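Take a look at the fold below.

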Amino acid sequence: MSPAPDQQHDPDCELCQADRFTHWYHEDEICWVADCEACGVPMVVWRHHGTEPPDADVEHALSVLNGIAEQRFGDAFSIDRQMRQVPDHFHAHARDTDWWSKRMTRPLSRYTGVGGDRETIG
Ligand SMILES: [Zn+2]
Ligand SMILES: [Zn+2]
């Protein structure tokens with residue numbers, strides 16, 4: 001048996017730490033959505049440490065991410081569930097079509113509270 005989801009927390013995991021540097025679009029009991037510092041695109045992160053959230057949590061997280069990505073990118077984005085940087089904690093990116101070429105020049109957003117206007121640095 002795996003531990004109950006609310007006991008899954010890894011103090012060394014950067015997604016568990018959930019540092020608030022970039023813009024946060026949303027948070028609730030299941031997930032939070034913020035700009036990925038590396039990619040500059042919205043990323044949804046499960047509240048609990050682990051790779052296999054219950055289906056309902058995955059569905060919720062991805063639909064929240066979809067709504068946010070639509071507001072920012074229109075329909076020119078795709079959901080990327082590959083977990084490259086942190087392979088042991090469920091998260092997904094909403095990547096717009098040009099994210100790869102834009103990622104070095106895109107100004108970083110900054111944290112101004114959850115769900116407010118997205119502000120960038122510089
Ligand atoms: Zn990223
Ligand atoms: Zn974690």
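In which sense do strands S3 and S5 pair, and over how many bridges? They pair in the antiparallel sense, over three bridges. Keep in mind that this is a predicted model.

Start with S3, which covers residues 42–46. Find methionine 43. Its bridge partner in S5 is histidine 93.

Now turn to strand S4, residues 77–80. S4 also joins S5, by four bridges. These two strands run antiparallel as well. Look for serine 78, which stands opposite arginine 95 of S5. S5 therefore pairs with S3 and with S4.

What about S5 itself: is it mostly covered or mostly open? S5 spans residues 91–96, and five of its six residues are buried. S5 is mostly covered. In a regular strand, side chains alternate between the two faces of the sheet.

Step back to the whole chain. It holds three helices and seven strands. From the N terminus, the order of elements is α-β-β-β-α-β-β-α-β-β.

How much of the chain is buried? Of the 122 residues, 28% are buried. Contacts also tell us how the chain folds back on itself. Take those between residues at least 6 apart in sequence: 56% of them join residues at least 24 apart.

Finally, consider overall size. The C-alpha trace spans about 45 × 25 × 25 Å along its principal axes. The radius of gyration is 14 Å. A compact globule of 122 residues would have a value near 14 Å, so the two agree.

Key: Residues numbered from 1 in each chain as written. Chains lettered and ligands numbered in written order. Predicted model: local features only at pLDDT ≥ 70, side-chain atom pairs only at ≥ 80, totals over all residues. Buried ≥ 20, exposed ≤ 12 C-beta atoms within 10 Å, placed from the backbone. Rg over C-alpha atoms; globule rule 2.2 N^0.38 Å. Contact = placed C-beta atoms within 7 Å.
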